[in-house]
Number of protein chains: 2
Amino acid sequence: MTAPVFAFTVTHTDPQSRARAGLLTTPHGTIETPAFCPVATQATVKALTPDDVRAIGVQMVLANTYHLYLRPGADLIARLGGLHRFMAWDRPIMTDSGGFQVFSLGFGIEHGVGKIASIFPAEEANDAAERVPARPSRSSSEGRLVRIDEDGVTFTSHIDGSSQRLTPETSIHAQELLGADCILAFDECTSPLNDEAYTRRALERTHRWALRCLEAKTRNDQALFGIVQGGHYQELREASARFIGGLPFWGLAVGGDLGRSKADMHRILDWVIPLLPAEKPRHLLGIGMPEDLADAVLRGIDTFDCAAPTRMARNGTLFTRSGRLNILNARYTADPGPVEEGCPCQTCTHFSRAYLRHLFKADELLAPRLATVHNLQFMADLMRDIRQAVIEGNLRALRAELLARFAGHR
Amino acid sequence: MTAPVFAFTVTHTDPQSRARAGLLTTPHGTIETPAFCPVATQATVKALTPDDVRAIGVQMVLANTYHLYLRPGADLIARLGGLHRFMAWDRPIMTDSGGFQVFSLGFGIEHGVGKIASIFPAEEANDAAERVPARPSRSSSEGRLVRIDEDGVTFTSHIDGSSQRLTPETSIHAQELLGADCILAFDECTSPLNDEAYTRRALERTHRWALRCLEAKTRNDQALFGIVQGGHYQELREASARFIGGLPFWGLAVGGDLGRSKADMHRILDWVIPLLPAEKPRHLLGIGMPEDLADAVLRGIDTFDCAAPTRMARNGTLFTRSGRLNILNARYTADPGPVEEGCPCQTCTHFSRAYLRHLFKADELLAPRLATVHNLQFMADLMRDIRQAVIEGNLRALRAELLARFAGHR
């Protein structure tokens, strides 16, 4: 058996920005970047089969080590042939390390904040709620749900309340059992509410954990991504970009607290990206609303994951080129048109807005499915447009057009 | 435009029983009978798209006038081009008249009984719970939810508590607005707990309503089925079979109270079927567990509808040739095999029992979908076997084999 092939090739760069188009090759296929990865938190893109997801043109999905470690167990999935076989998805998979849950189950749940503080409405916060399990029934007065020490993290399972532990070594081991193509270092994801002193201590620990993750990795058919942390503090972000960027990670991710606004997020990307080695792919963790993509690609991001497009679909919020629509709105009661004219998805080519609204009103299982198909098709098509714009050198023009479009929320 | 074609041709008869195979032609295609029709209560086979349903080999689905009349409204569906277009299903549809809800919302909910009394566990009662909306929140002490008079039925909407009314004329009108291929007369479906005197009065009213339904019908591209009632009383069933069988209905259905056991149901079919004109198709309303099909076909039934196979799927009960299995059972935790070896469905060809169990445990939307696909494939394949056995003259042997199989519930 020849060694599994991993390669990242930048094929086009935008002379006016850090945007680039490329090809990311993994043992399960090549991803055209920039690319949006839907979440398959519990080894399924909610409501969809792998055939549905393939038909949309999705190239990679992101599954969650935290969830799968707790249920059904990474060892069980390994016995069943690994995550690709378990979920019958033969294209690339990325797994999250579980580090985000340290944040979301601990500080995040206790303080009610997401990746970009709490200034956005919860649904729009890009905070990857599919990674944030429902709040456990025990009250916070029973003590913090997460305890972090130098070695790792002890946390309470959201499923059965049992005490669980993840360390850099056990996270990498679990991710090796799952067998995704791209895996992530185990990190501590600090909150926008953490002060600089705490964020610095957490960052230093995350950097020590990054070294342990590199050490713990044994499989040669998986690519390990390091995660740049440092919150919204410029000095810390730059230090992290230099440190993580200098380690032998195959790819790099930007994670954690991205400030209090989209402008903050853009500023953080502008601090970090120039310090990362240009030849490695760059993933932006947990971000990916339609209006975010072009801005982050302009700043040098290659891949994205985000739960919001699918979660919003399940709530009846649908993306269109002229903005979002809430299909539950009475104005769609008798609307014979598709969600979006010209959209090639299974939903728009078969069903009217009136029918989709009926399904939502009647609480039918087909409703979240059809809505998810549409929003993921929208994301895939939008990303294809963005990639094409990078190749043709007119991403700035497309960005302006997109901003004008998405300004209109119907 | 040429007149829409309706035809029912018996192509094979079993010399040893009343079983027959045939072709039922409607404006939306020809159904090979005997056939099982999944329910699409609210204009969707729960969790499935029309493409999924077609891929399974389903020939006709049954939608519910009661539900669609209340939400989104038959008039709205008519404005949107009718039910076929609304739900994007281009094959035959049958609509229930709403009469069953008179029973299920009234006596049924008040007394907690189904089509075959309450001696079966609720899930197995064939009682078409998808036709029985959730019990309204108002208590029964506020008065009966249904009032029947000579002209029709006044009932309380399960959606908003509003007072609603259906009569033979409004039911037929609603069904004409929906535009199904096969429509049903508006009847009163009595309960196994009704005495003979009440059942007789109700039957006489149902017979008067049958005449009004024939009178009310205006479209020539729909086939109207009369419904034989009479509860578990032989004299009444025979009188109803003669009366309804003698009217110019295009097809015939057996509805209502079918006694207290499957043996009672068989006895009732043996009273009724010989009295019906042989040239008309015969539908058995709300019945269709795997173990019921051969017995009813042997007694002369051509088509079935039943909510149980899909409802049970959503609860994790899966049909196999060696009996049912509950996928939530711990024994399937690490089972790498499909639900049923050799099953051609999308679920069995892609996913393991272990994965399906995981989806159910994790409360994933894909779980009810994959389970529904399997159970409907099972029903379609079983019915195809039964049809073939009728054609080959060995249905009795198949029935014995099926009974032995289904005796084993795992």
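Chain A has 15 helices and 16 strands. This is a predicted model, so every value I quote is computed from predicted coordinates. Of the 410 residues in chain A, 58% are buried. Now the contacts in chain A with a separation of 6 or more. Residues 24 or more positions apart account for 70% of them.

Next, how the two chains relate. Take chain B and rotate it by 180 degrees, with 0.0 Å of shift along the axis. It superposes on chain A with an RMSD of 0.0 Å. That is the relation of a two-fold axis. Which residue of chain B comes closest to that rotation axis? B:Leu365 does, with its C-alpha at 3.7 Å. Keep that residue in mind.

Now the interface. On chain B, 31 residues are in contact with 31 residues of chain A. Four elements of chain B give two or more residues to that side: helix H3 (74–79), helix H4 (83–87), H13 and H14. H13(B) gives the most, five residues. By type, the side of chain B that touches chain A divides into 19 nonpolar, six polar and six charged residues. Do the copies meet through the same surface or through different ones? The same surface, because 100% of the interface residues of chain B are also interface residues in chain A.

Let me stay with H13 and H14 of chain B. Their axes come within 8 Å and cross at roughly 135 degrees. That angle makes H13(B) oblique to H14(B). Who meets whom? From H13(B), the residues are B:Leu356, B:Leu359 and B:Phe360. From H14(B), they are B:Leu366, B:Ala367, B:Leu370 and B:Ala371. This helix contact divides into seven nonpolar residues, no polar and no charged.

Look at the loop that links these two helices. It runs between H13 (353–361) and H14 (366–392), and B:Asp363 is found there. The phi of B:Asp363 is positive, about 60 degrees, although the residue is not a glycine. Is B:Asp363 buried or exposed? Exposed, because B:Asp363 has 9 other C-beta atoms within 10 Å, and 12 or fewer counts as exposed.

A:Ala88 is placed in the loop between helix H4 (83–87) and strand E6 (93–96) of chain A. With 16 C-beta neighbours inside 10 Å, A:Ala88 counts as partly exposed.

Why is A:Lys46 called buried? Because 21 other C-beta atoms lie within 10 Å, and the cut-off is 20 or more. What does A:Lys46 touch, leaving out residues up to four places away in sequence? In chain A, the partners are A:Thr310, A:Arg314 and A:Thr372. Across in chain B, they are B:Glu364 and B:Leu365. For a sense of distance, take A:Ser240. A:Lys46 and A:Ser240 are 194 residues apart along the chain, and their C-alpha atoms are separated by 34 Å.

Two backbone points next. The peptide bond from A:Thr33 to A:Pro34 is cis, with omega near 0 degrees. A:Pro34 sits in the loop between strand E3 (29–33) and strand E4 (35–38) of chain A. Chain B has a cis peptide bond joining B:Thr33 and B:Pro34, with omega about 0 degrees. B:Pro34 lies in the loop between strand E3 (29–33) and strand E4 (35–38) of chain B.

Last, a hairpin in chain A. Strand E8 (residues 153–156) and strand E9 (residues 163–166) run antiparallel, and four bridges join them. One pair to look up: A:Phe155 has A:Gln164 as its bridge partner in E9(A). How many residues lie between the two strands? Six, and in that turn A:Gly161 has a positive phi of about 75 degrees.

Technical notes. Residues are numbered from 1 along each chain as its sequence is written. Chains are lettered from A and ligands numbered from 1 in the order in which they are written. This is a predicted model: local features need pLDDT of at least 70, side-chain atom pairs count only at pLDDT 80 or more; totals for chains, interfaces and linings use all residues. Two strands pair if DSSP finds at least two bridges between them. Copies are superposed by least squares on the C-alpha atoms of residues with pLDDT of at least 70 in both. Two residues are in contact if their C-beta atoms, placed from the backbone, lie within 7 Å. Ala, Val, Leu, Ile, Met, Phe, Trp, Tyr, Cys and Pro count as nonpolar, Asp, Glu, Lys and Arg as charged, and the others, Gly among them, as polar. Axes are lines fitted to C-alpha atoms, for helices over the stretch in contact, and angles run from 0 to 180 degrees between N-to-C directions. Angles under 35 degrees count as roughly parallel, over 145 as roughly antiparallel, 65 to 115 as roughly perpendicular and the rest as oblique.
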